[in-house]
Amino acid sequence: MNMFVGICEIAMFALLIWGGGNDILAFRLPNWLTLSTAVIAVALVIASSNVLPPIAWHLGFGLVVLVVGLVLFRFNLLGGGDVKWIAALAIWLGPNLNFLRFMLLMGFAGGLLAMVMAVVGHLWPHYGRQEGRLHIPYGVAIAVAGMEYWLRGSVLGHSITAWLAS
C-alpha cells in the first residue's frame with residue numbers, strides 16, 4: 001500500500017469519527033470538516049487511479065449531490081452541514097452503487113437515530129432543542145454510513161476486516 005493512501009485513509013477515518021462526535025455534542029458540522037473531507041476524497045480518488053477522467057466524474061457527481069442537497073436544505077429536510085458533508089463524501093464514493101448503499105445505510109441509521117432522539121428528548125428535554133424543535137444530529141448517520149464504506153472500500157479497512165475475520 002502506498003504510504004500517501006494510508007495517511008489519507010487514516011485522515012478520512014478520523015474525520016468521520018470527529019464529524020459524528022461533534023454533531024452529537026454541538027449539532028454542527030463545520031465548514032473545515034467538509035472541505036477537509038472533500039480534499040482527502042479527491043486525493044484518494046486520484047491516488048487510486050492512474051488517469052484523470054475518474055476524478056472529473058467524481059467531482060461532477062459531488063456537485064450534483066450538492067445541488068440536490070441544497071434543494072432539500074431549502075425545504076428544511078436536511079441541515080446545511082449535512083448537505084455539504086454528504087456531497088464531500090460523494091466525491092470519494094463516486095457515481096456508482098457504493099453511493100446508493102451509502103444513502104440506504106445513512107437513511108436506516110438516521111431512522112434509528114430519530115428513534116433514539118425521541119427517547120432522549122423525553123429524558124433530557126433541553127438536549128437537541130433549538131428554536132422549539134428537536135434537532136437530530138444527522139452527522140452520526142452520515143459517519144456510520146461513511147465508516148461502513150471505509151471498512152469495505154479502503155485498503156486499511158479491508159486489512160482490518162480480514163484480520164478480524166481470521
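This is a predicted model: local features need pLDDT of at least 70, side-chain atom pairs count only at pLDDT 80 or more; totals for chains, interfaces and linings use all residues.
Phe27 is not a glycine, yet its phi is positive, about 55 degrees. As background, most residues other than glycine have a negative phi.

Which other residue has a positive phi although it is not a glycine? Please find Asn76, whose phi is about 60 degrees. Asn76 is also in a loop, the one between α3 and α4.

Helix α1 covers residues 3-26, and Asn22 is part of it. Asn22 has a relative accessibility of 16%, so it counts as buried. What does Asn22 touch, if we skip residues up to four places away in sequence? The answer is Phe27, Arg28 and Pro30.

Now look at another residue of α1, Phe4. Phe4 has 42% relative accessibility and counts as partly exposed. How far is Phe4 from Leu44? In sequence they are 40 residues apart, but in space their C-alpha atoms are 8.8 Å apart. Again leaving out residues up to four places away, Phe4 touches Ala43 and Ala47.

Next come the helix pairs. Two packed helices are described by the angle between their axes and by the distance between those axes. I have three pairs for you.

Pair one is α2 with α3. Helix α2 runs over residues 31-47 and α3 over residues 53-74; their axes come within 9 Å and cross at roughly 150 degrees. That angle makes α2 roughly antiparallel to α3, and the crossing is right-handed. Who makes the contact? On the α2 side we have Val42, Val45 and Ile46, and on the α3 side Pro54, Ile55, His58 and Leu59. Six of these contact residues are nonpolar, one is polar and none is charged.

Pair two is α1 with α6. Their axes are 8 Å apart, and the packing angle is about 160 degrees. The two helices are therefore roughly antiparallel to each other, and this crossing is left-handed. From α1 the contact takes in Glu9, Met12, Phe13, Leu16, Ile17, Gly20, Asp23 and Ile24, and from α6 it takes in Gly139, Val140, Ala143, Gly146, Met147 and Trp150. Sorted by type, that gives nine nonpolar, three polar and two charged residues.

The axes here are 8 Å apart, and the angle is about 140 degrees. Why do we call α5 oblique to α6, and not roughly antiparallel? Roughly antiparallel needs an angle over 145 degrees, so at about 140 degrees α5 is oblique to α6. The crossing is right-handed. Among the α5 residues in the contact are Asn98, Arg101, Phe102 and Leu105, and those of α6 include Ile142, Ala145, Gly146 and Tyr149. The contact residues divide into eleven nonpolar, three polar and three charged.

The largest nonpolar core has 36 residues, and Met12 and Phe102 touch the most other members. Which elements give two or more residues to this core? They are α1, α2, α3, α4 (80-93), α5 (97-123) and α6 (139-153). The largest share comes from α4, with ten residues.

Let's finish by zooming in on Phe102. Leaving aside neighbours within four places in sequence, Phe102 is in contact with Ile86, Leu89, Leu93, Ile142, Ala145 and Gly146.

How values were computed. Residues are numbered from 1 along each chain as its sequence is written. Side-chain values use heavy atoms; hydrogens and water are left out. Axes are lines fitted to C-alpha atoms, for helices over the stretch in contact, and angles run from 0 to 180 degrees between N-to-C directions. Helices (H or I, at least four residues) and strands (E, at least two) are DSSP runs, numbered from the N terminus. Angles under 35 degrees count as roughly parallel, over 145 as roughly antiparallel, 65 to 115 as roughly perpendicular and the rest as oblique. A crossing is left-handed if the near helix is turned anticlockwise from the far one by less than a right angle, and right-handed if clockwise. Contact means heavy atoms within 4.5 Å. Ala, Val, Leu, Ile, Met, Phe, Trp, Tyr, Cys and Pro count as nonpolar, Asp, Glu, Lys and Arg as charged, and the others, Gly among them, as polar. Buried means under 20% relative accessible area, exposed over 50%, partly exposed in between (1.4 Å probe, protein chains only). A nonpolar core is a set of buried Ala, Val, Leu, Ile, Met, Phe, Trp, Tyr and Cys residues joined through side-chain atoms within 4.5 Å.
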